[in-house]
Amino acid sequence: MARASINDYRGLIYMALSALGQAFGALFVKFAAHRGMQCFQILFFRGMMMWAANTSVLKSKGVPFRNWWGAGMEHTCWLTFRGLFGFLSLACKYWSVIHLYLADAISLRFTVHIFSGIFACILLGESWLIGEAISAVVGFGGILMVVQPAWLSILGFPAKVGPAYPIFDVTVAILCPVFNALGYVAIRKLKKIKDDTDPFIILHFLGMFLTFASLPLARIIEGPLELPDNWQAWFWLLALSATTYISQVFVTWGLQLERAGPGTTVTLIGVPATMVLQVVFLRKNEPLSILSCIGALVICLSIGNVALGKRSAKKEELEVLLGDNAEKGAKGHTNGHSNGHSNGYSNGHYMNGNGNGHAHYSRMKDV
């Protein structure tokens with residue numbers, strides 16, 4: 001029996017790499033905010049850089065300009081939905097990362113793996129296996145152990161001492177995974193509509209929304225849009241644009257190869273990565289607690305369960321395929337044997353009849 005190869009895990013690997021890129025991107029958002037930049041200001045410049053880079057890629061690949069806008073009305077509509085949901089998700093994420101502690105914001109953002117499995121099941125009819133649902137719940141429990149957010153004390157659990165967040169900021173942070181999950185579902189739907197949808201066309205729509213939607217919002221919420229006035233801000237903007245662009249490419253590839261439920265559950269690896277980045281760069285005087293280490297281990301176990309579940313599903317699929325082929329072969333053998341026996345019997349009986357008739361005719365002739 002054939003064993004699972006690395007290609008069977010490509011979707012999960014791409015999703016994990018995307019999560020690591022998002023962890024560094026959140027850190028760079030913090031650094032840019034520390035240099036005086038605001039949420040929609042960061043979104044605008046990041047979107048402009050992303051759109052320019054993506055346009056260059058599409059031109060270098062020789063993709064006709066008319067194909068940049070989708071293949072048919074339904075395809076274009078879902079590309080638009082992906083761009084809209086992606087923009088709303090990033091806006092909520094950047095806002096929460098700037099106004100909340102990094103670990104608290106990321107803990108809420110990574111509930112996306114729960115919403116994506118539910119939305120994919122409802123909107124796309126994809127299966128959400130019991131093992132994947134358990135992994136999602138266990139993984140989220142690990143997240144709570146890692147970050148120990150201040151809002152957890154509302155439920156009566158002990159939590160780290162943290163700031164009293166405004167309800168608006170918390171609501172925005174909760175909306176982030178909802179919009180993110182809808183964006184992931186849109187990518188899966190695009191693959192169902194057109195299997196070979198170019199991921200850079202999907203990113204083309206996201207870059208457009210980041211550029212043109214953030215500009216008016218920046219003026220309304222934050223005032224007139226201004227250029228960064230120091231080189232450090234420009235540096236962190238470039239670093240943010242590069243890491244998040246690569247991350248978006250990986251997540252698009254990953255969701256084209258993997259179902260939304262297990263794919264987004266694997267992105268939980270970004271939580272311990274963000275925790276380490278926060279301790280190293282933002283909270284040097286706050287060492288890792290034993291509970292945080294246990295939570296990171298729980299997260300890794302949930303990710304491993306998803307990968308093992310995919311391997312088992314692949315094995316069962318192969319066994320079913322081999323079973324169907326064996327059944328078809330057995331039926332073919334039985335039919336061939338029956339037909340051969342029947343034909344042989346008929347032919348033999350026909351030959352015997354002819355022989356007997358010929359002998360009887362000979363005897364009559366002799367008389």
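What volume does the largest cavity have? About 100 Å³. A cavity here is a set of points on a 1 Å grid over the protein atoms alone where a 1.4 Å probe fits but cannot get out. Its volume is the space filled by probe spheres set on the points, with grid points joined across faces, edges and corners.

Before you start: this is a predicted model, in which local features need pLDDT of at least 70 and side-chain atom pairs count only at pLDDT 80 or more, while totals for chains, interfaces and linings use all residues. Residues are numbered from 1 along each chain as its sequence is written, and side-chain values use heavy atoms, with hydrogens and water left out.

**Stop 1: the largest cavity**

The structure holds 2 cavities of 30 Å³ or more. For the largest, select Ser 18, Gln 22, Arg 82, Gly 86, Ser 89, Leu 90, Lys 93, Arg 109, Asn 180, Tyr 184, Gln 248 and Val 251. These line the cavity; lining residues have an atom within 4 Å of a point. Now colour helices H1 (10–34), H3 (73–99), H7 (167–193) and H9 (231–257), the elements that each give two or more residues to this lining. Helices are DSSP runs (H or I, at least four residues), numbered from the N terminus. H3 gives the largest share, 5 residues. By class, the lining has 3 nonpolar, 6 polar and 3 charged residues. Ala, Val, Leu, Ile, Met, Phe, Trp, Tyr, Cys and Pro count as nonpolar, Asp, Glu, Lys and Arg as charged, and the others, Gly among them, as polar.

**Stop 2: the second largest cavity**

Select Ser 18, Ala 19, Gln 22, Arg 109, Phe 110, Tyr 184, Val 251 and Thr 267. They line about 40 Å³ of space. H1 supplies the largest share, 3 residues. The classes are 4 nonpolar, 3 polar and 1 charged.

**Stop 3: H3 against H4**

Show H3 with H4 (residues 102–109). Their axes come within 7 Å and cross at roughly 150°. Axes are lines fitted to C-alpha atoms, for helices over the stretch in contact, and angles run from 0 to 180 degrees between N-to-C directions. H3 is therefore roughly antiparallel to H4 (over 145 degrees). Lys 93, Ser 96 and Val 97 of H3 touch Leu 102, Ala 105, Ile 106 and Arg 109 of H4. Contact means heavy atoms within 4.5 Å. These residues divide into 4 nonpolar, 1 polar and 2 charged.

**Stop 4: H3 against H8**

Switch to H8 (residues 199–222). The axes of H3 and H8 come within 8 Å and cross at roughly 50°. By class, their contact has 14 nonpolar, 5 polar and 1 charged residues. Among them, pick out Phe 87, Leu 90 and Trp 95 in H3, and Phe 205, Phe 209 and Leu 217 in H8.

Key: 1 Å grid on protein atoms, 1.4 Å probe; cavity = no way out; pocket = protein on both sides within 12 Å on 5 of 7 lines; lining within 4 Å. Parallel < 35°, antiparallel > 145°, perpendicular 65-115°, else oblique.
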